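Please keep the sequence and the three-dimensional view at hand while reading.

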Amino acid sequence: MTDDALISLQHVCAGYEGRTIVSDVSIDIRNNDFVAFIGPNGGGKTTIIRVMLGLIKPDSGEVNRINGLKIGYLPQSNDIDLSFPISVIDVIMSGQLDGNRLFPPKNVRQKAEELLEFAQLSELRNRPIGELSGGQRQRVFLCRALMGNPQMLILDEPVTYMDKVSETNLYRLLPQLAKQMAIVLVSHDIGTVAPFVKTIACINRTLHYHATNKISDEILRVYDCPVEIVSHGPVPHRVLGIHKYLPND
């Protein structure tokens with residue numbers, strides 16, 4: 001583990017029920033890193049994320065974190081009862097509420113208001129969460145993940161169920177956050193995320209790290225991470241191919 005790493009994976013092998021999903025994974029995530037995890041379905045992206053979050057233990061290798069590391073997490077979707085009468089601001093504040101308090105402290109509400117403004121959701125503060133669009137809800141849950149002032153933010157394909165406008169609205173927030181914390185963004189759409197991230201980790205049973213946001217077709221073929229690059233004006237677009245789906249990932 002390097003001195004400036006928030007979390008370090010060294011030669012990690014991990015999987016489920018005796019079946020190995022990823023092998024020999026090594027990566028350091030440092031403060032203000034903005035890394036895209038790309039790769040095919042079943043390649044192990046979610047497995048590595050679960051190792052980072054401490055949800056599963058590696059079969060071998062080492063995972064080291066700085067003491068008291070705070071990690072915010074935004075999954076593809078949140079299991080929430082949309083008929084439950086909870087307001088947007090209450091959802092956000094729940095990211096930092098003390099179960100022993102009946103009402104949130106003033107500083108918690110102030111923090112929630114600041115995040116609402118940051119995410120351009122202030123006018124929806126009192127709206128029931130079930131009345132929001134999918135894109136608006138994901139920005140609310142992003143705010144909730146930020147309530148604890150994380151040093152590292154993990155987003156696991158957060159725009160899967162969004163339209164392009166909502167996707168863009170979310171991604172535009174991330175460069176500002178990257179100035180304050182490390183970000184790991186899992187995505188299939190490297191063409192969309194490449195302009196935002198700083199570096200890329202290609203994951204397909206193992207991990208190959210690239211200290212740039214530009215990857216050639218040749219490099220991806222060598223690393224067996226099948227991504228095609230199609231030129232579209234001045235912006236390169238990369239489209240993942242079709243892969244066999246593996247359960248539990």
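**Nonpolar cores**

In the largest nonpolar core there are 44 residues, and those with the most contacts inside it are Ile92, Leu142, Leu153 and Ile183. Helix α4 supplies the largest share of this core, six residues. The model discussed here is a predicted one.

- The core draws at least three residues from domain 1 (1-69 + 151-249) and at least three from domain 2 (79-149).
- Another core, of 27 residues, lies apart from the largest one and includes Ile29, Phe37, Ile56 and Val184.
- Leaving aside neighbours within four places in sequence, Ile183 is in contact with Asp33, Phe34, Val35, Leu153, Leu155, Leu174, Leu177 and Ala178.
- In soluble globular proteins, nonpolar side chains tend to be buried together.

**Salt bridges**

- The count of salt bridges comes to four.
- One of them joins Arg30 and Asp4, whose closest N and O atoms are 3.1 Å apart. Because Arg30 lies in strand β2 and Asp4 in the segment before β1 (5-16), this pair ties together parts that are 26 residues apart in sequence.
- Arg30 also forms a salt bridge with Asp28, with the closest N and O atoms 3.8 Å apart.
- Glu113 belongs to helix α3 (residues 106-118) and Arg125 to the loop between α3 and α4, so the pair ties together parts that are 12 residues apart in sequence.
- Glu113 is partly exposed, with a relative accessible area of 24%, and Arg125 is partly exposed, with 28%.

**Ser87 and its surroundings**

- Ser87 is located in the loop between β5 (71-74) and α2 (88-93). Its relative accessibility is 12%, so Ser87 counts as buried.
- The side chains of Ser87 and Asp90 are joined by a polar contact of 3.1 Å.
- Apart from neighbours within four places in sequence, Ser87 is in contact with Arg125, Asn126, Arg127 and Pro128.

**Positive phi angles**

- Asp24 is not a glycine, yet it has a positive phi of about 55°. Asp24 lies in strand β2 (residues 19-30) and is partly exposed, with a relative accessible area of 46%.
- Asn149, also a residue other than glycine, has a positive phi near 50°. Asn149 is found in the loop between α4 (134-146) and β6 (152-156) and is partly exposed, with a relative accessible area of 44%.

Terms used:
Residues numbered from 1 in each chain as written. Predicted model: local features only at pLDDT ≥ 70, side-chain atom pairs only at ≥ 80, totals over all residues. Heavy atoms only, no water. Helix = DSSP H or I, 4+ residues; strand = E, 2+ residues; numbered from the N terminus. Buried < 20%, exposed > 50% of the residue type's maximum accessible area, 1.4 Å probe, protein only. Core = buried A, V, L, I, M, F, W, Y, C linked by side-chain atoms within 4.5 Å. Domains from an automatic or database assignment. Contact = heavy atoms within 4.5 Å. Polar contact = N/O pair within 3.5 Å; in protein donor to acceptor, adjacent residues only side chain to side chain. Salt bridge = Lys/Arg side-chain N within 4 Å of Asp/Glu carboxyl O.
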